Amino acid sequence: MKARIHVYLKPGVLDPQGQAVSNSLNHLGFDEVAGVRQGKLIEIDLNTADAEEAHSRVAEMCDKLLANPVIENYDIELSA
Amino acid sequence: MKTAVIVFPGSNCDRDAAMALEAVTGVKPAMVWHEETELPEGLDFIMVPGGFSYGDYLRSGAVAARSPIVNDLKAKAEAGVPMLGVCNGFQILTEAGLLDGTLMRNASLHFVCEKAPLLVETANTRFTKGYADRKEIVIPVAHHDGNYFADEATLDRIEGEGQVAFRYANNPNGSARDIAGVTNAAGNVLGMMPHPERAVDADHGGTDGLALFESVLGKLS
C-alpha cells in the first residue's frame with residue numbers, strides 16, 4: 001500500500017517561497033496567476049494491507065514528524 | 001560548573017559553543033553525541049548549538065528534534081536545568097516542543113549574515129539579568145530560517161508572560177513582532193536565532209554575548 005501525504009501551510013501563514021514563485025510566473029507572462037502556495041508531497045511505501053490501520057499510523061507519523069502543527073496541515077491519500 | 005553541548009550530524013557551532021562555555025566556566029563542556037540516550041548527571045547548563053543538522057531536511061531542526069538524546073533533554077528541561085538553543089538549536093527546541101512557535105524561511109528568502117542590533121526586552125530572566133544596565137546589544141546572526149512565527153494568541157501569551165527575551169532593532173528575517181529570542185514558561189529554556197557564543201571575544205567581533213553566559217553560569221573570577 002502507498003500513502004501520499006500532502007503537507008501544506010495553514011491559511012494565513014505567510015509563504016514567501018510561494019510568493020516568489022507567483023512573481024516568477026507573472027514575469028513569464030502567466031498573468032492569470034493570482035497567488036501560489038507551496039507545500040510538500042511525501043510518498044510512503046507501507047507493508048500493510050489494512051487501509052484503516054494504515055491511515056491511523058500515517059496520521060501518527062504526520063503528527064510526530066512529517067508536519068509541524070504550528071504552521072502546517074496535511075491530507076492523507078492511500079492507494080493499493 | 002558542569003556544562004554540555006549536544007552535537008548532531010551537521011552541527012557547526014558546537015565548537016564555538018564549547019569555546020564560549022570554557023571561557024566563562026574555565027572547564028571544557030561535555031560534548032554529547034545525539035545518539036546518546038542520557039546526558040551526564042549534575043549539569044548546570046546545556047547548549048544546543050547552531051548548524052544545519054540533517055541538512056535541514058524536512059524542516060530545519062525537525063529530524064534532530066527526534067534524536068535519541070532529546071528524550072533526556074526534555075526530562076532535563078522539565079527538571080529545570082537551564083538550556084540555550086542557538087540558531088539551529090532554537091529550531092530544534094521549537095520542533096521538540098520545548099518552546100512555543102516555529103522558525104520559517106526568512107521573509108526576504110535571503111540567507112542573512114550580519115551583526116544584528118538587539119533590544120534586551122527583559123533583564124528579568126536567568127539568561128538576561130546581566131544586561132540590566134543595557135538596552136541594546138549587538139550579536140551576529142547567520143541563518144536562512146529565522147522567521148519566528150506563532151499564532152496571535154500564542155504571541156500575546158508569551159508577551160504577557162515576559163517570555164520574549166530579545167527583539168531585533170532592525171528585523172532581518174520577518175519575525176513576528178521582531179522576536180529574536182524566547183524562553184519557556186518556566187524560564188529555564190531560551191531559544192534565540194542570534195549567536196551569543198560568537199560574541200564573547202573582543203578579537204572576534206565583540207563581547208556582547210558574554211553577559212548572557214555570565215548571567216546563567218556566573219562570572220569566573
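Me: Which residue stands opposite A:Lys2 in strand 2 of chain A?

Reply: In this predicted model, the residue of strand 2 of chain A that stands opposite A:Lys2 is A:Asp45. As a general idea, strands of a sheet pair through backbone hydrogen bonds, either parallel or antiparallel. Here strand 1 (residues 2-9) of chain A and strand 2 of chain A pair in the antiparallel sense, over 6 bridges.

Me: What is the order of the strands in the open sheet of chain A, and which are the edge strands?

Reply: The open sheet has 3 strands in the order 2-1-3, with antiparallel pairing, and its edge strands are strand 2 (40-45) and strand 3 (72-79) of chain A, each of which pairs on one side only. On average, neighbouring strands of this sheet are turned by 20° against each other, direction ignored.

Me: Which helix lies across strand 1, strand 2 and strand 3 of chain A?

Reply: That is helix 2 (residues 51-66) of chain A, which runs at about 150° to strand 3 of chain A.

Me: How many residues does each chain give to the contact?

Reply: Chain A gives 9 residues and chain B gives 11 residues. On the side of chain A that touches chain B, the largest share, 3 residues, comes from helix 1 (residues 16-27) of chain A, and by class this side has 7 nonpolar, 2 polar and no charged residues.

Me: Which residues touch the most other members of the largest nonpolar core?

Reply: Of its 68 residues, these are B:Val5, B:Ile6, B:Met47, B:Leu93 and B:Leu118. Apart from this core lies another, of 7 residues, including A:Ile5 and A:Leu66.

Methods: Residues numbered from 1 in each chain as written. Chains lettered and ligands numbered in written order. Predicted model: local features only at pLDDT ≥ 70, side-chain atom pairs only at ≥ 80, totals over all residues. Core = buried A, V, L, I, M, F, W, Y, C linked by C-beta atoms within 7 Å. Buried ≥ 20, exposed ≤ 12 C-beta atoms within 10 Å, placed from the backbone. Contact = placed C-beta atoms within 7 Å. Helix = DSSP H or I, 4+ residues; strand = E, 2+ residues; numbered from the N terminus. Nonpolar A, V, L, I, M, F, W, Y, C, P; charged D, E, K, R; others polar. Pairing = 2+ DSSP bridges. Axes fitted to C-alpha atoms, helices over the stretch in contact; angles between N-to-C directions.
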